[in-house]
Amino acid sequence: MKPADRRRLAAWLAVITVAAVCIALRGRAPWLLDLPPAFVVPVADWFNAFMVWFIGAFKWLFRAANWLLGWPLAGAQALLQWLPWPATMAAFCALAFAASGWKLALFAAAALFYMALTGHWSPSMNTLGSVLVSIPLALAAGFALGVAAHRSKRVDRVVQPLLDLMQTVPTFAYLIPILLLFGFGPVVGVVASAIYACPPMVRNTLLGLRRVPREALESGLICGATGPQLFWWVQAPSALPALMVGVNQTTMAALSMVIIAAIIGGSADIGWEVLSTMRKAQFGQSLLAGIVIALIAMLLDRISWGFADRAGRGAAAAGRSRNHGRGGRGGRGHGRHGRLKPWLLTLIALAIFAGATAFIPAARVYPEAWVFYPADAINAALRFVTANYSAATDAVKHAALFYYLLPLKIGLSQAVTPFSWGVALTPGLVWGYAAAVGVIAWRLFAWRGWRPAVAAVVGGGVLYFGVTGLPWPPFILASTLLAWQVGGRRVALLSAGGWAFMLLTGVWAQAMLSVYLCAAAVLVCALGGGALGVWASANRRVSNFLRPINDTLQSMPLFVILIPFLMFFQIGEFTSFLAIIAYAIVPTIRYTEHGLRHVPAASVEAAIAMGCTRRQLLWEVKMPLALPEIMLGVNQTVLFALAMLVITALVGSRGLGQSVYIALSNADPGLGLVAGLGIALIAIIADRIIQAWSARRKSTLGIA
């Protein structure tokens, strides 16, 4: 063993020793599990006092902004309500056709017809109206911030951590100050959606501007372009593909806020329809309305992605044209004509169907007699399933709770009881468990080295004592040591500072509950999603089958994901667990498949030439090379799981998400800030550690 490895192993043995001592003393020293209230730093109270001053000083400014934004919102919703439903349908079909062809146009027609068929046309148009205001607001702010960060390193240093916070702090946490500043109403939902949807546009603007070819800039300067001309005639067109991807991602982010915006907006939109029916436990009605949101999300996603893809192909064609010396006025004229075509198609469709309303009354308002609303049938089917198969669903629920969730939460030391497991945890069983962990650690040490052995010992200890039963000193030490060894001093300081913030602000116990639930879900996602990704990488049919399912899960708003699990498993921690898995499993599937499919062909051919079997090719060649990509998928899964915490608080989960929701209910911005920052810090710490490990692994493997 190298001297550096000996030092690293010694550090871990020291942490394990500290953990053993703290666990032995935790009964006599309760402060090892959570700080007493006397030692808590009152950050929440300080922030509340600041908000009282800030609201008193600047409330008039935000209320004026509320009034200004109310005009375009009311105008967009009024226009969409006034337009005949066939005209709106034809306009979207024309846009879809221009973006991606007749298949997307058919999907647009089916999606919009579903809204009319189920009687959700009016609330759907209100939702589209709010989206049409929030998306341009987010795009304008994101583009301006991205340009400013590209031009100034100082601005970039401020913007980057701000983006991390905007994307990781739960929306409910900053809804409270927004609500206090802007007041109650639909505009507040628009502002909250714009804030949440802004970061993707900032990041893609930065990415696009940084990838502008140097020769393009030099050509513009040689031609005598001024600063604004260089930006608008060279940089912005070259960055257009990345900008269009930002438009796509911003659109999806804004749509994911539909129901959350309904909580504080109170407008008669589709988000409010889902929320109100969920509160009444009308799952059939809630599911039908939730499908509308999913269809809107998928439709706008496909249209914006279609235009992004066209922009990318156009930029590539322009680059080839420049390389072959065929650029010029004719090419620019052709691109201008291509950009006008979708809008001409849309206007023509609007004019034709708007004129038809003078002759066909049913073309003006969708007739109620044509509405098909099977909510009662869905509710009846649900009652039938719960009445006849409740024993099976309860068995699944209890098995997962007793044999998986509870051991992770409170440890085998408390979870193994005659009631739950049918046996008592005798000293013989305890020693047998310790011996099994020791044997596994020893075998891993002989096979793979000291790192897997240490992981086995740490994992065995966590499983025996539970996440919530771990004292905070060894937990912070272990996290900081891992961050130091993987990412260096900066990541270690971030880890130590983040956990110290949660400890000193009095949310440590809630943080551990959140860590436990997310860890349980991420472990299932990593194993199950990884297996599905491996299968999809080897079988095109499986890949084609999983793709629309993944698209649906990623475009489905968070609240809507709760509905089917609430229908069958009712309120509780198991429902929260399943909802987190459903939302967070997609990145693992996609990154695993992508990583395995894009292993360098030379490596695969060399392994086949050496006589590797299919199993050896997968585990000895493809998996090690694809592991950095797979871990990035796990990283995204962690972030997605943490994003669901506040939503699952509505159905029984506890932890930081519940604290944020309580803060929103009590209009307590201080508690919301502290709990929201806690979730954000957990996400950022996990992100930095996994990103650093992935980068080091790629460097070791020589992967660009």
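Modeller: Lys and Arg count as positive here, Asp and Glu as negative; His and the chain ends are left out. The model is a predicted one.

Biologist: How far apart do the centres of the positive and negative side chains lie?

Modeller: The protein carries 52 positive side chains and 22 negative ones.

Biologist: How many helices and how many strands does the protein have?

Modeller: Secondary structure is counted over the whole protein. The tally is 0 strands and 30 helices.

Biologist: What radius of gyration does the protein have, and what does the globule rule give?

Modeller: The rule takes the 704 residues and gives 27 Å. The protein's own value is close to that, so it is as compact as a globular protein of that length. That radius of gyration is 28 Å.

Biologist: What share of the contacts with a separation of 6 or more joins residues 24 or more positions apart?

Modeller: Contact here means heavy atoms within 4.5 Å. Among contacts at that separation, residues 24 or more positions apart account for 79%.

Biologist: Is T277 buried or exposed?

Modeller: T277 sits in helix α13, residues 270-279. The cut-off for buried is under 20% relative accessible area. T277 has 5% relative accessibility, so it counts as buried.

Note on methods: Residues are numbered from 1 along each chain as its sequence is written. This is a predicted model: local features need pLDDT of at least 70, side-chain atom pairs count only at pLDDT 80 or more; totals for chains, interfaces and linings use all residues. Side-chain values use heavy atoms; hydrogens and water are left out. Helices (H or I, at least four residues) and strands (E, at least two) are DSSP runs, numbered from the N terminus. The radius of gyration is taken over C-alpha atoms; the globule rule is 2.2 Å times the number of residues to the power 0.38. The place of a charge is taken as NZ of Lys, CZ of Arg, CG of Asp or CD of Glu. Buried means under 20% relative accessible area, exposed over 50%, partly exposed in between (1.4 Å probe, protein chains only).
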